[in-house]
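Please look over the sequence and the model first, then read the points by topic.

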Amino acid sequence: MLQAMNEALARGKKVLHLGQVATYIPELGKADPNTLAIATCTLDGKISQVGDVDKKATIQSISKIASLGLAISELGEEKVFSKVGVDPTADPFNSIMRLEMRKPHRPQNPLINAGAIVVLSILPYHDSNSRFLAVLNLVRKLCGNEKIEANEQVYLSEKATSDRNRSLAYFLRSVGAMEGDIEDILDSYFHQCGIECSVKDLAVMGATLANDGINPITNEKVLSPRVCVLIRALMATCGLYDGSGEFAVRVGIPAKSGVGGGIVGAVPGKMGVATLGPALDDKGNSVGGIEAMEYLSEKLKLRVL
Ligand SMILES: NC(=O)CC[C@H](N)C(=O)O
């Protein structure tokens, strides 16, 4: 295992120069583009990790898995998927265009920004902080790490600059696709995107999703098997936005990326696999992470798609 991971790391490091760290959230611009780490967690709880494993990064869009899991668990799939669709998009994660063009004006899936914001708006909590704490609690359980916290600088940096997400949310409310206090809903969105994890945390999250909701480290039942089936299907089709098709062809594992540089993969019945490398391609996905996962998937025969 470790040998294959070290080879994957070397492959990934070779392409880091092709990517750039996200700068549209100013704090993310401080990340070191030359770092890359890989971790795996098997369903019998064995963790392996290589590379810059001490680095942490904010999970950004990976948090959308947790808020979706929470929403389906608390409200049921029928209610959630009456507000957001389950179809992939060929548009960037923060695109506005199709929200106006498509009728009804419903975000195409819960893993693009518009969809994730709508999902947060229907969660049965009364304010930003209680919504955020529920998502944080679920991330901690998925990762089996009670010490996970948000990086307040990254959260506040996004909050201070996120005109695009504000535009999405106010537009959605204007067409009746969501209700509520937009600034309060967005505050919990920015806060959950700022949750900070190590590559090991992400590998355990992937393993919990691969294990139908039972965390292989803590043995806690975190999500139901049905919720995990839905999340994995959406990861496979929408997890890397407009890069999802290419990722399915190259890697073949249900996965979710974030602009902090993380990618979480869930190989059903086998393992979680994660990478952390903040140099991103033009779709906001980790260049080194994709390259490393492609190698590892081939070498360890992890492909399921
Ligand atoms: N792709 C991402 O990780 C996007 C998340 C980020 N917080 C945003 O809304 O822009």
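**Helix packing, domains and ligand shell**

Helix α7 (residues 152-161) packs with helix α9 (residues 182-193) at an angle of about 140°, and their axes are 8 Å apart. That angle makes α7 oblique to α9. The model is a predicted one. In it, the chain is divided into domain 1 (2-58 + 197-219 + 235-299) and domain 2 (61-193).

**Helix α7 with helix α9**

- The crossing of α7 and α9 is right-handed.
- On the α7 side the contact is made by Y155, E158 and K159, which meet D187, F190, H191 and C193 in α9.
- By class, this contact of α7 with α9 has three nonpolar, one polar and three charged residues.

**Helix α5 with helix α8**

- Helix α5 (residues 113-122) and helix α8 (residues 163-174) cross at roughly 60°, and their axes come within 10 Å.
- The angle makes α5 oblique to α8.
- α5 and α8 have a right-handed crossing.
- Six nonpolar and two polar residues make up the contact of α5 with α8, and no charged residue takes part.

**Helix α2 with helix α11**

- The axes of helix α2 (residues 63-75) and α11 cross at roughly 140° and come within 10 Å.
- This makes α2 oblique to α11.
- The crossing in which α2 passes α11 is right-handed.
- From α2 the contact takes I65, L68, G69, I72 and S73, and from α11 it takes V227, L230 and I231.
- The residues in the contact of α2 with α11 are six nonpolar, two polar and no charged by class.

**The two domains**

- The centres of domain 1 and domain 2, taken over C-alpha atoms, are separated by 21 Å.

**The shell around the ligand**

- The residues around the ligand are Q60, S61, F93, N94, N113, E158, N165, C193, G258, V259 and G284.
- By class, the shell around the ligand has three nonpolar, seven polar and one charged residue.
- Domain 1 and domain 2 both give residues to this shell, so the ligand lies between them.
  - E158 and C193, both among the residues around the ligand, belong to the contact of α7 with α9.

**Backbone details in loops**

- The peptide bond from K103 to P104 is cis, and its omega is near 0°.
- P104 is placed in the loop between α4 (97-101) and α5.
- N219 has a phi near 65°, which is a positive value in a residue other than glycine.
- The loop between α10 and α11 is the place of N219.

Conventions: Residues numbered from 1 in each chain as written. Predicted model: local features only at pLDDT ≥ 70, side-chain atom pairs only at ≥ 80, totals over all residues. Axes fitted to C-alpha atoms, helices over the stretch in contact; angles between N-to-C directions. Helix = DSSP H or I, 4+ residues; strand = E, 2+ residues; numbered from the N terminus. Parallel < 35°, antiparallel > 145°, perpendicular 65-115°, else oblique. Left-handed = near helix turned anticlockwise from the far one by under 90°. Contact = placed C-beta atoms within 7 Å. Nonpolar A, V, L, I, M, F, W, Y, C, P; charged D, E, K, R; others polar. Domains from an automatic or database assignment. Near = placed C-beta within 6 Å.
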